[in-house]
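The following paragraphs are intended to be read with the sequence and the coordinates at hand.

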Protein chains: 2
Amino acid sequence: MIAKSNVYVVIMAGGGGTRFWPWSRERHPKQFLPILSDRSMIRETVDRLHSFVSSENIFIVTSRSQAAHVRREAPQIPPRNLLVEPAGRNTAPCLCLASLPIHRRNPEAIMVALPADHAIADRSEFLRTLGTAKEFAAKKDFLITLGIRPTAPETGYGYIEKGGILGKIKGTKVFEAKAFREKPALNKARAYLRHGGYLWNSGIFIWKVGVFGEAVKKFLPQLHGDMLALAKVWGTSREKKVLKQVYERCQPISVDYGIMEKAENVALIEAQFGWNDVGSWSALWNIRPKDLDRNAYISGNQPAGTRILAINSSGCLIRGEKKLIAVLGMKDTVVVEAGNVFLVCPRDQSQEVRRIMDGLKKKGWKEYL
Amino acid sequence: MIAKSNVYVVIMAGGGGTRFWPWSRERHPKQFLPILSDRSMIRETVDRLHSFVSSENIFIVTSRSQAAHVRREAPQIPPRNLLVEPAGRNTAPCLCLASLPIHRRNPEAIMVALPADHAIADRSEFLRTLGTAKEFAAKKDFLITLGIRPTAPETGYGYIEKGGILGKIKGTKVFEAKAFREKPALNKARAYLRHGGYLWNSGIFIWKVGVFGEAVKKFLPQLHGDMLALAKVWGTSREKKVLKQVYERCQPISVDYGIMEKAENVALIEAQFGWNDVGSWSALWNIRPKDLDRNAYISGNQPAGTRILAINSSGCLIRGEKKLIAVLGMKDTVVVEAGNVFLVCPRDQSQEVRRIMDGLKKKGWKEYL
């Protein structure tokens, strides 16, 4: 059993605000929305880790424009554990940055990396799975990723193909990650589901900080060199300047594409804790409670409560804020009031809201972005 | 040619606010909405009569709650020409009431009665038709109604069957009205359209005030007696009290059902002036200008202009007010922001908005009615 003080969690909280527009906005992305309960997603993510690690051992990586908001949502995290990227460069630079202070504090650290804006239904199963992963990471020099057992032929997720068994931790098998697959077409997704040997890529990683460093050195040598330079000035007056230089120079690249897909020592743990990345209004409809007509409702937190009246309507996701939302005879439609915007679209086109944002940019209507 | 001073127009402006909810409200019915242009329907109706009769000869019948608003919308009408009903009792009592001051001023008067909230596309043809009707009314003791040549198998209108020719005014034939038909089922409406001998019942009537009085006496004797009693106190201190008593006692009945369907001396003039009673959001979509995707837009009169963005959407009617309305991938849908309400429904169900109002009443949410 590895000591709790050796485990560090990195919460990646740098996402943009496109998928839940108009509720999410450029300066108010999904992680700050109370999408699943009356608490923001990032607050739920932090709270979910309670008892797994102390707040001292939780790092949050975010952007400059979101830092103040993150601090408000996660007041228990020590300010020095909030890492602010000068620019968004996808997950590989983000996790390299986080690994610097972790490595400095504890070169033997086990690092758990996860996004701030995922839904997890079963907290205790989630923590049990992380526990399994950290035990395996302590034992073997692997990059571990959690794969979610698919429940539908999702085309919006990446898939990981299970390989042979690498070992067992308290009865849970750890597999070799044989191959990473991009978001598939529907027929391929169906085949993956039937086959049973493919898991959804959750974007949750567990590794020894040193093992991760070795992988960066091997597959992203330039980034590794830059980060070494940054490590040398970490905590000094030059840190900020070098950080900015590194981020100006480095290319955006995901840890999946940059490292996981290339490395030989990638392990896969099959997880079933009711995971959902809640990547669209439609995904949110899927996981929200529904009435007998399969309508799901989200209330703005008005004192009087939001008023919604749905008549002869089914399969709708309706969010009200200040006005009465009256929906008559609609099927499978997303109807959202948020701030200065009303949105109406079919549920199965809700992943296209970005097209509206593009349209707004073209017209110069920036106050709605 | 009959003298212009002998012609009086009665505008019936007592309608409720259900069909264009939430734009129309109980206290702000359709006739006050700028549905067709930037002027209210009642203002358009009054203005349309300019040159046909002087303002002195225009009467407006309305309800107590709407009287002040009517005065604002029709400032050119003398205040004594505004007749306020103590309660809504449909068109027969309404037109009886209007006939009292008209008969007192001019027992030979020709009275034209029309609703305040109809759309008429071709004003000069409208006035030409009224001119034909008044000439025929002057010549013969008939109750005249305008029938609209159908352009579609409408199920929302009543129909009138043409009978034999009664005469000709400046080349326009005047027909006997053979029978009044209730709103038909679709297959019947189609048969009417094919047959060619059925016209839409416009609710526009022309008659000598005395001829109308005779018909009321014959078919609605109790109402006639009550109105005689009211006529005796007209202009005295007792007028208000008797008016209230009459309206408390009288049954709601339409002039179509109470008189026109029963009388023998009913004439029909075929009209083609682009008439529409604009009885639903769908009807409004039909007559509004549309973009290439057949979307129609209505702007609230905000200083900055209403902002609407429709992407990959067609056949929609969209009204914005203060917020951006963003519509993505919707077909044939009504999307309306008005005051404290946002409404979404399929265009072909927009005549059912009353169901929403019923739902609001049940919940006690009166502030939205």
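In this predicted model, 30 residues of chain A are in contact with 29 residues of chain B. Five elements of chain A each supply at least two residues of the side that touches chain B: the strands β13 (308-311), β15 (324-328), β16 (333-338) and β17 (341-346), and the helix α11 (353-363). Of these, β17(A) gives the most, with six residues. Sorted by class, this side of chain A has 20 nonpolar, five polar and five charged residues.

The arrangement of the two copies may be considered next. Chain A is superposed on chain B by a rotation of 180° with 0.1 Å of shift along the axis, and the RMSD is 0.1 Å. The two copies are therefore related as by a two-fold rotation axis. The interface residues agree between the copies as well: 97% of those of chain A are also interface residues in chain B, so the copies meet through the same surface.

β17(A) pairs with strand β15 (residues 324-328) of chain B in the parallel sense, over four bridges. Within this pairing, L343(A) stands opposite A326(B) of β15(B). In the other direction, β15(A) and β17(B) pair in the parallel sense, again over four bridges, and here A326(A) stands opposite L343(B) of β17(B).

The pairing of β17(A) with β15(B) belongs to an open sheet of six strands, in the order β12(A)-β14(A)-β16(A)-β17(A)-β15(B)-β13(B), with mixed pairing. At its edges are β12 (296-299) of chain A and β13 (308-311) of chain B, each of which pairs on one side only. From one strand to the next, the twist averages 10°. Inside the chain A part, strand β14 (residues 317-320) and β16(A) run parallel and are joined by three bridges; R319(A) has V336(A) in β16(A) as its bridge partner. Helix α11(A) packs on the sheet, where it touches β13 and β15 of chain B, and its direction makes about 130° with that of β13(B).

How enclosed is strand β17 (residues 341-346) in chain B? Six of its six residues are buried, so β17(B) is largely enclosed by the rest of the structure. Both faces of the strand are covered: V341(B), L343(B) and C345(B) are buried on one side, and F342(B), V344(B) and P346(B) are buried on the other. Within its own chain, β17(B) pairs with strand β16 (residues 333-338) in the antiparallel sense over six bridges, and F342(B) is the bridge partner of E337(B). These two strands form a hairpin with two residues between them, in which G339(B) takes a positive phi near 55°.

F273(B) lies between β10 (266-271) and β11 (275-276) of that chain. It has 18 C-beta neighbours inside 10 Å and therefore counts as partly exposed, since a buried residue requires 20 or more. Leaving aside residues up to four places away in sequence, F273(B) touches I120(B), A121(B), D122(B), E125(B), F126(B) and T129(B). Of these contacts, the one with A121(B) spans 152 residues in sequence, while the C-alpha atoms of the pair are 6.1 Å apart in space.

Definitions and conventions. Residues are numbered from 1 along each chain as its sequence is written. Chains are lettered from A and ligands numbered from 1 in the order in which they are written. This is a predicted model: local features need pLDDT of at least 70, side-chain atom pairs count only at pLDDT 80 or more; totals for chains, interfaces and linings use all residues. Two residues are in contact if their C-beta atoms, placed from the backbone, lie within 7 Å. Ala, Val, Leu, Ile, Met, Phe, Trp, Tyr, Cys and Pro count as nonpolar, Asp, Glu, Lys and Arg as charged, and the others, Gly among them, as polar. Two strands pair if DSSP finds at least two bridges between them. Copies are superposed by least squares on the C-alpha atoms of residues with pLDDT of at least 70 in both. A residue is buried if 20 or more other C-beta atoms lie within 10 Å of its own, exposed if 12 or fewer, and partly exposed in between; C-beta atoms are placed from the backbone. Axes are lines fitted to C-alpha atoms, for helices over the stretch in contact, and angles run from 0 to 180 degrees between N-to-C directions.
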